[in-house]
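Colleague: I have the sequence and the coordinates open side by side now. Could you walk me through the parts you have looked at?

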Amino acid sequence: MRSHPREKTGRNDPCPCGSGKKYKRCCLSNTTLAIPGPETLDTPWSRQRDASDRLTADLMRHFKRDFGDDALNAWADFNQDHDPVSLSEMPHELSIFSPYVLFEWDPEKPLRRSAQKPQGGVVVTAYLKRAANRLSALELLILEQAIARPVSFYEIVRVHPGRGVVLRDLLIGEETEIEEHSGSEMMRSGDVLYAQLWILPEVATLGRLAPIPIPPDRKVEIIKLRTELQRKIKKQNRELAAADLTRYADKIRTIYLDIRDALTKPPKLQNTDGEPFLSHKLHFNTQSAQSTFDALASLAWGVTKEELLEEAERSPDGSLRSIEFAWIKKGNKMNKGWENTVLGHLKIFGKTLLVEVNSANRAKRIREEIEQRLGSQATHVGTETETPEQMMKQAKQRKALRSTEEETNQDDLMRDPEFRRQVEAEVQKQVEGWVRTKIPALGGRTPLQAVADPDGREMVEALLQGWERQNEVPGSAGIVRPDINALRRLLNLPVKTESPMK
């Protein structure tokens, strides 16, 4: 249930000395000279922690005994994917997956009406039938919170290291100050947590917490979700509330999963037809450059032979020696506004033809096209393939050979005050042009247009915060960091006067 490790031995834990007694009955009672910390006192925080630990251990034993065979199905349901990445490859996700299994997971989840309270998943329901009469009032209250409280997105407003944080629910706007000891040492204002809060009579705390803090610029997806949910609720003439968030738990988790995958998984590269990216180089032997060109020139849709031949190289006798041109088709199935799509490139030199494309499907299509058009005049010699990972590795190796010298030269140039001022001015000019650029994340609006409404203003602020985070990454003397406050002034947003650390 808790997502943070124990900071110290709990009062009711076995004593570390090995006596077999509880810590509070053994060494804790003998540490009269020690200055007690918040976890060693009998406080609402420590009582909640102890009760939470007992329940977690008991519920996990119950799950393994009665539902252990369904663990893979539960993981698939959590990820909303029939074939998710193995949990063994994402062990950090246990901190947010385990509470889902214990309190939410229901393989035959019924559709819940808006007026109904959450009933809990199959594990906690079965557990309560068996154990409810032996649980304390605090344990029952914790279980009620774990079942009924929404899992939402919380922006970190203020941090009190070692004590707690103030969180704002990005979906319904409520602010809550929670007690959080070791976790607050690592938290940072502006980040977003995917979490559940427990509001107990004497303490508010984190009930569950995803392992990865969400950076500020990813708030844009969350704000879009908020707008969508508010539009649904507006039909009922009321504001979005915590009870609504439990109804839309799956939709909220979808956004978390999308953000998680974007932050942790390498992107799946695709070409402009949506096909997996895989570089292919097809080699052919042909009879002559001219006959090959004549047969294949019409592959360049919308370009005449005369236009293609303007870039050709000829032999002294005027015959065609070599030529390069693009394989172009009309339109694009994924981008309806595109006039054409470049599918690959052809290079003819002498009696050799080289074709480069970036997917297996395009390689198959172009080979069939060439063999149909040239027939016996073309012989396929072989095809080389290269994955994006292999291409990146080679690119890094090439870059490493020249980077040290180039970086040194750039740093030397940037130490010249006049040169640096010119570069900084040019970079700042380009950056400030961003405010008038249509941004896909803003729904195709420019930042200047987006700040005209509250949601758009919050999205732009989130993007600027993400930019500021990038500026904090250490770099060489040749790195030019744009003035983000200048963008804030152009957009009439509050100017940052200090570091946004904690």
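Colleague: Which residue in S4 is the bridge partner of Tyr154?

Modeller: Keeping in mind that this is a predicted model, the bridge partner of Tyr154 in S4 is Leu193. Phe153 has a partner in S4 as well, namely Tyr194.

Colleague: How many bridges join S1 to S4?

Modeller: There are 5 bridges between strand S1, residues 151–160, and strand S4, residues 192–199, and the two strands run antiparallel.

Colleague: And S1 with S2, how many bridges there, and in which sense do they pair?

Modeller: S1 and S2 pair over 6 bridges in the antiparallel sense, and Arg158 is the residue that stands opposite Val166 in S2. These two strands make a hairpin with 3 residues between them, and in the turn Gly162 has a positive phi of about 85 degrees.

Colleague: What is the strand order of the sheet they belong to?

Modeller: The order is S3-S2-S1-S4-S5, an open sheet of 5 strands with antiparallel pairing. Strand S3 (175–179) and strand S5 (204–209) each have a single partner strand, so they stand at the edges and one side of each has no neighbour in the sheet. On average, and with direction ignored, neighbouring strands of this sheet are turned by 50 degrees against each other.

Colleague: Which helices lie across S1?

Modeller: Helix H8, residues 219–234, lies across S1, strand S2 (164–169) and S4, and runs at about 130 degrees to S1. Helix H10, residues 249–264, lies across S1 and S4, and runs at about 60 degrees to S1.

Colleague: At what angle do H8 and H10 pack, and how far apart are their axes?

Modeller: They pack at an angle of about 165 degrees, and their axes are 10 Å apart. Angles over 145 degrees count as roughly antiparallel, and H8 and H10 are therefore roughly antiparallel to each other. The crossing in which H8 passes H10 is right-handed.

Colleague: Which residues meet in that contact?

Modeller: From H8 there are Glu221, Ile222, Leu225, Glu228, Leu229 and Lys232, and they meet Lys251, Ile252, Ile255 and Ile259 in H10. Sorted by type, the residues of the contact of H8 with H10 comprise 6 nonpolar and 4 charged ones, with no polar residue.

Colleague: Changing topic to backbone angles: where is Asn237, and what is its phi?

Modeller: Asn237 lies in the loop between H8 and helix H9 (242–247), and although it is not a glycine, it has a positive phi of about 55 degrees.

Colleague: Is Asn237 buried or exposed?

Modeller: Asn237 counts as exposed, at 73% relative accessibility.

Colleague: Which residues of H3 are buried, then, and what covers them?

Modeller: Ala74, Trp75, Ala76, Phe78 and Asn79 are buried in H3, and the cover over the buried residues of H3 includes H4 and H10.

Colleague: One more spot: how far apart are Glu424 and Pro482?

Modeller: Glu424 and Pro482 are 58 residues apart in sequence, and from C-alpha to C-alpha they are 7.4 Å apart in space. Glu424 has its place in helix H15, residues 417–432, and at 33% relative accessibility Glu424 counts as partly exposed.

Colleague: And for the protein overall, how many helices and strands are there?

Modeller: The protein has 18 helices and 11 strands, and 40% of its 502 residues count as buried. Among contacts in the protein with a separation of 6 or more, residues 24 or more positions apart account for 62%.

Conventions
Residues numbered from 1 in each chain as written. Predicted model: local features only at pLDDT ≥ 70, side-chain atom pairs only at ≥ 80, totals over all residues. Heavy atoms only, no water. Pairing = 2+ DSSP bridges. Helix = DSSP H or I, 4+ residues; strand = E, 2+ residues; numbered from the N terminus. Axes fitted to C-alpha atoms, helices over the stretch in contact; angles between N-to-C directions. Contact = heavy atoms within 4.5 Å. Parallel < 35°, antiparallel > 145°, perpendicular 65-115°, else oblique. Left-handed = near helix turned anticlockwise from the far one by under 90°. Nonpolar A, V, L, I, M, F, W, Y, C, P; charged D, E, K, R; others polar. Buried < 20%, exposed > 50% of the residue type's maximum accessible area, 1.4 Å probe, protein only.
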